[in-house]
Amino acid sequence: MSDGMTVRAGALVATLILTVIAGCTPDPGAQQEPDARSVPGPDPSVEWFADAAAATGLDFVHFNGMSGRFYQPEIMGPGAALLDYDNDGDLDVYLVQGDTLGSDPPLAARPETRPGDRLYRNDLTSDAEGVPSLRFTDVTRESGIRARGYGMGVATGDIDNDGWIDLYLTRFGANQMFRNRGDGTFVDVSAASGTDDPAWSVSSAFVDADRDGWLDLFVANYLYYTLDMHVPCFHPTGPENYCVPEMYRARPSRFFRNRGDGAFDDATAAAGMAREFGPALGVATADVNADGWIDIFVANDQQENQLWINRGDGTFRNLAPLWGVALGEAGEAKADMGVDFGDFDNDGDEDLFVTELTSQGSTLYVNDGSGLFSERSAGAGIRYPSLPYTGFGAGWLDFDNDGWLDLLAVNGLVVESLDRAEAGTAFPLDQPNQLFRNRGDGRFEDVSARAGAVFRLSEVSRGAAFGDLDNDGDTDVVVANAAGPVRLLVNRIGQVRHWLGLRLVGAGGRDMVGARVAVFRSDGTTLWRRARADGSYASANDPRVLVGLGSVSDPVDVRVFWPGGREEEWSGVPVDRYTTLIEGGGR
C-alpha cells in the first residue's frame, strides 16, 4: 500500500495540504441563507454547455444489440464513471458497453469488432494563459480491463485503502470487480472478492456503512430475467414492444461488507436487508437524519422504495414508508430510476431528487432535518415540466456557481414511440434532456432551452456522471446514451464566479466519500456539501467537493465531518482552486 501522503496534482490543480491554522470558525447556528438575487443569472449570450466528446477523443458509441425481439436489457443501460484512476489530478472516463443478446442478428452494425467497456485517460493540458485543453486517450487495452458480457453500470471506490481507485461493474449476468494496481493496470478480482453477484444488477454504491474505515458495497439488483424467460409484450395499439417491469419478479439486492483483506462477505441478511426489496434501478447514500451514520436509499421500478436507516450496530431498518420516500404524493408506486441527495435549500440537510416515468413527473423530497421528507415537486416547479419525460441519470450540481444546487436530468423512453418508429428512427425512445436552475426561493426554473444546442438533441440517455473534467472550477457532465454516441457536456458558465474545490482523503490516500463539509463564507452564510461518488443512474461521479461561492472571493473556513465520526476545522482556505484536506490534519 502507498502511504497516501503524496497527492499528485494535474496541470491546473493547485493542491495545498492545510494543517492547523489559528483562527475562529463561525457558528453554524448563525447560518443565513444566501440571497438568490444578489448574483445575476447566467449570461444568456454564452452557450452554457457544449458537447465536446468528439473533439476531445471520446469516440465511444454504445451498442445495445437490439434484434427486434425487444429483450429487456436493451433499454436499461449504459452508465458511465468519472475517476482519477492514475492519480494525476484530473478525471478519466469509464464507459459501459452492451453486446449482442441471443442468436438473432442485431439490427444495427457493431461500432467495433468486439464491443466492450472503454477506459479513456484524460491528458489535460493548459496553454500559457492557463486555458485548459481536454484530450482523451483510449487506454482500455493496456489497462488490462476485460469486461465480460452485457454491461449496465459502474461504481468506483478504493476497496483496499491503497490510494488507488478501483472499479465495480454491474452486468446483465455476473458482475466484475477490478482492483487498481497503481501502475496504470487493473486485475480482475471478481471471484476472489466474493462480489461477482450473478444477478441482473444495474446500479451500485460503495459506502463505509459500519465506520470501520473500509468501503462496503451495496448492489442494486433488478429483475429475475433471462432470455429464455422472455415474454412478448405489445403496445396498446398492437405492435410488439418492451414489457413493463411487472411482467417479472424483482430480484433481491445485495449488501457486501468489506473484510479489509481484499474480500467481502454477503451481509444482506445479517444487516436486515434481505426481506424488503424491489426491482432496484438507482441507489444513493447520505446521512439523512444527521446521526453520523450513512444511510442508503434504493429507487425501485413501480414498487415501493427503500430507505435503509443505519442503526450504527451493523444493521439497517427500512423507514421509507414512515419517513415519506416510499411512494409518490398520492400514495402511488412510481417508476423510480435516477436518484441523488443534495442540500438544495441550504438548510444543512440532505434532500432527495428522483427521476421517473413519462406522465409521473420527477419527485423532489424535502428533508426537515430529522430524516422526515415531504413531497414538494409541484410547488418547486419540477413536476409539470418533467411530466412528458422518462428520466434516468440525474444529479445536483451548481452549474452557475451561485451557491444554490441546480438539477440536471437525462431522459429516454422505455416503450417505443410508434410515431418515431414510423418515421424511421432506429431506436425510437429518444427524448431531450433537462436542466433546472435553482432560483433560491424553493423553486426551480426549466432553463433547458437556454442551456445550449446539446439540450436540443433527442437521444436515449441513461447514465449521467458529474465532475470537473477540465479542473476549471465548474461541473461538467458525461451523458451515456443507449445505442448512440457519448456526450461530454463542458460547462462554460460556472467558472466566471468564485468557487472552492476540496479533495477529502484519509490517511491511506482514499477519497473519503460520505464526508460532509460546512463552508463558512465571509458574508456570514454557510453552505453544506458532501463528498460522494454514487447517485445518478448506473454511474459514478467525481468524489471531490465543488462549492459555488457566487461573488464571495475571500478565503473561507471549512468544517469537515468525516465518515468515521471525527470533526475537524480548517481556516482561511483559498478559493478558486482545489485544496486537499487530509483527515487528522485539521483542528
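Strand β2 and strand β3 (residues 92–95) pair in the antiparallel sense over 4 bridges, where strands are DSSP runs (E, at least two residues) numbered from the N terminus and two strands pair if DSSP finds at least two bridges between them. Within this pairing, Val 93 in β3 is the bridge partner of Leu 82. The model is predicted, so that local features need pLDDT of at least 70 and side-chain atom pairs count only at pLDDT 80 or more, while totals for chains, interfaces and linings use all residues. Residues are numbered from 1 along each chain as its sequence is written, and side-chain values use heavy atoms, with hydrogens and water left out.

The pairing of β2 with β3 belongs to an open sheet of 4 strands in the order β2-β3-β4-β7, with antiparallel pairing. Its edge strands, each pairing on one side only, are β2 (80–83) and β7 (136–138). On average, neighbouring strands of this sheet are turned by 25 degrees against each other, direction ignored; axes are lines fitted to C-alpha atoms, for helices over the stretch in contact, and angles run from 0 to 180 degrees between N-to-C directions.

Another open sheet of 4 strands has the order β8-β9-β10-β11, and its pairing is antiparallel. Strand β9 (residues 166–172) is joined to strand β10 (residues 176–180) by 3 bridges in the antiparallel sense, and Leu 167 stands opposite Phe 178 in β10.

Strand β27 (residues 406–411) is mostly covered, with 6 of its 6 residues buried; buried means under 20% relative accessible area, exposed over 50%, and partly exposed in between (1.4 Å probe, protein chains only). Both faces of the strand are covered: the buried residues are Asp 406, Leu 408 and Val 410 on one side, and Leu 407, Ala 409 and Asn 411 on the other. Strand β26 (residues 391–397) pairs with β27 in the antiparallel sense over 5 bridges, and Asn 411 in β27 is the bridge partner of Gly 391. Strand β28 (residues 434–438) also runs antiparallel to β27, the two being joined by 3 bridges. In this case Leu 408 has Leu 435 in β28 as its bridge partner.

The count of salt bridges comes to 28, a salt bridge being a side-chain nitrogen of Lys or Arg within 4 Å of a carboxyl oxygen of Asp or Glu. One of them links Arg 487 and Glu 459, with the closest N and O atoms 2.6 Å apart. Arg 487 lies in strand β32 (residues 487–491) and Glu 459 in the loop between β29 (444–446) and β30 (461–467), so the pair ties together parts that are 28 residues apart in sequence. Arg 487 is buried at a relative accessible area of 18%, and Glu 459 is buried at 16%.

A salt bridge also connects the side chains of Glu 569 and Arg 559 (2.9 Å, N to O). Because Glu 569 lies in strand β38 (residues 567–573) and Arg 559 in strand β37 (residues 556–561), the pair ties together parts that are 10 residues apart in sequence. Both Glu 569 and Arg 559 are buried. A network of salt bridges links Arg 559, Glu 567, Glu 569 and Arg 587. In a further salt bridge, the side chains of Asp 261 and Arg 259 meet at 3.0 Å, N to O; Arg 259 counts as partly exposed, at 47% relative accessibility.

The count of disulfides (pairs of cysteine sulfur atoms within 2.5 Å) comes to 1. The disulfide joins Cys 233 to Cys 243, with an S to S distance of 1.9 Å. The link of Cys 233 and Cys 243 is right-handed, with 95 degrees about the S-S bond. Cys 233 lies in strand β14 (residues 233–234) and Cys 243 in the loop between β15 and β16, so the pair ties together parts that are 10 residues apart in sequence. Cys 233 and Cys 243 are buried.

Val 244 is found in the loop between β15 (240–241) and β16 (254–258) and is partly exposed, with a relative accessible area of 43%. Together with Val 231 and Met 247, Val 244 makes a nonpolar surface patch of about 220 Å². Patches are made of residues with over 30% relative accessible area and no salt bridge, like charges being joined within 9 Å and nonpolar side chains (Val, Leu, Ile, Met, Phe, Trp, Tyr) within 5 Å. Accessible areas come from the Shrake-Rupley method with a 1.4 Å probe; for residues, only the protein chains shown count as cover.
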